[in-house]
Amino acid sequence: MLFLAAAQAQESVDPEFPPLDVPMEGEPVPTEPAPAEPAPNAPAPTETAPAKPAPVQRIKNPIAEFSGIDKITGRITTFDVYIDETVQFGALQVTPRVCYSRPKEEEPKTDSFVEVDEITLDRKIQRIFTGWMFAESPGLNAVEHAVYDVWLKACKQKSDVPPPETPKTN
């Protein structure tokens, strides 16, 4: 009941207290100033476009560095995988498709598009993850398996692991 009376009171206008955006009687009505006209021989004004932020520079890397934990033994292993190559970690096969990072002078953002397959007990391969992993947020899109977890650590240009052999053509 009280709420209804307050709402009705707000809707009615008290002549002693007009709304703040309406000038009082005898006050001049504000008007917008007319735009100033340029001088007769003045050069035409040039429009300046708003400054665009510099485009984010992404570095495409040939190697993705992952970490994985075997929950049974408690061992954490770090391993390098070349782009479009598959490395097996326990019962998981990890294949990075692309790995991006930023220059050292920019805010770190490292991401990789990864496919992870599981080799089941009956020797079948089942895809358990396809998507982006982010090194700065390892818990966001890490692969959480019953026995193994895998997450992205970094993208690199060089590795101690030799590159995969390229097929020879005759």
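Is Arg 127 buried, exposed or partly exposed? Arg 127 is partly exposed, with a relative accessible area of 43%. Keep that residue in mind. One caution before we go on: this is a predicted model.

Let's start with the salt bridges. The count comes to seven. I'll take three of them in turn.

Begin with Arg 127 again. Its partner is Glu 115, and the closest N and O atoms are 3.6 Å apart. Where do the two sit? Glu 115 is in strand 6, residues 111-119, and Arg 127 is in strand 7, residues 125-134. So the pair ties together parts that are 12 residues apart in sequence. Now look at the other end of this bridge. Glu 115 has 14% relative accessibility, so it counts as buried. Arg 127, as I said, is partly exposed.

Next pair: Asp 84 and Arg 97. Their side chains meet in a salt bridge, at 3.2 Å from N to O. This pair links distant parts of the chain, 13 residues apart. Asp 84 is in the loop between strand 3 (75-82) and strand 4 (87-89). Arg 97 is in strand 5, residues 92-101. How accessible are they? Asp 84 comes out at 45% relative accessibility, which counts as partly exposed. Arg 97 comes out at 35%, and that also counts as partly exposed.

Now put these pairs together. Which residues are linked in a network of salt bridges? Asp 84, Arg 97, Glu 115, Asp 117 and Arg 127 are.

On to the cysteines. A disulfide is a covalent bond between the sulfur atoms of two cysteines. How many disulfides does the model have? The count comes to one. Cys 99 and Cys 155 form it, with their sulfur atoms 1.7 Å apart. This pair, too, links distant parts of the chain: Cys 99 is in strand 5, Cys 155 is in strand 9 (residues 148-156), and they are 56 residues apart. What about its handedness? The torsion about the S-S bond of Cys 99 and Cys 155 is about -80°, so the disulfide is left-handed. And both cysteines, Cys 99 and Cys 155, are buried.

To recap: seven salt bridges, and one disulfide.

Definitions and conventions: Residues numbered from 1 in each chain as written. Predicted model: local features only at pLDDT ≥ 70, side-chain atom pairs only at ≥ 80, totals over all residues. Heavy atoms only, no water. Salt bridge = Lys/Arg side-chain N within 4 Å of Asp/Glu carboxyl O. Helix = DSSP H or I, 4+ residues; strand = E, 2+ residues; numbered from the N terminus. Buried < 20%, exposed > 50% of the residue type's maximum accessible area, 1.4 Å probe, protein only. Disulfide = S-S within 2.5 Å.
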